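Come along and check each entry against the picture.

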Amino acid sequence: AYNTVGNEIGAVSFGSPLNKDVFVTHVEKALYDVTGAYAIINREMARHFCSGYQYIHRENDGDEEGLREAKLAEKKEEGEKKFTAELKEQ
């Protein structure tokens, strides 16, 4: 999905189905100086591509503060817990 600002692309997003219930948004990119660009591309992606899915998973926010805030602001179902493992040398 993409949105335009004037004659330029202002935001772009792409994703794919994970299974019959979950659609994964892999990438969301937008012009930072365009207020609401991320919100609009997120809404349009959901509207046009995710209507048949129960959940939309937005992948790692890459420690981008604005994206992390947007994800936390969404009403979410209880998700799966994430763990990190470290291989120890023997």
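I first noted how exposure is scored: buried means under 20% relative accessible area, exposed means over 50%, and partly exposed is in between (1.4 Å probe, protein chains only). I am working with a predicted model, where local features need pLDDT of at least 70, side-chain atom pairs count only at pLDDT 80 or more, and totals for chains, interfaces and linings use all residues. Residues are numbered from 1 along each chain as its sequence is written, and side-chain values use heavy atoms, with hydrogens and water left out.

**Entry 1: a network**

I looked up the salt bridges (a side-chain nitrogen of Lys or Arg within 4 Å of a carboxyl oxygen of Asp or Glu) and found four in the structure. Arg43 pairs with Glu44 at 2.9 Å, N to O. Glu44 also bridges to Arg47, with the closest N and O atoms 3.6 Å apart. Shared partners join Arg43, Glu44 and Arg47 into one network.

Which of these residues are buried or exposed? Arg43 counts as partly exposed because its relative accessible area is 45%. Glu44 is at 13%, so it is buried. Arg47 reaches 51%, so it is exposed.

**Entry 2: a distant pair**

I then found Arg58 and Glu28 in a salt bridge at 2.8 Å, N to O. Arg58 is in strand 4 and Glu28 in strand 3 (residues 22-30), so this pair, 30 residues apart, links distant parts of the chain; strands are DSSP runs of E, at least two residues, numbered from the N terminus. Both Arg58 and Glu28 are buried.

Key. Helix = DSSP H or I, 4+ residues; strand = E, 2+ residues; numbered from the N terminus.
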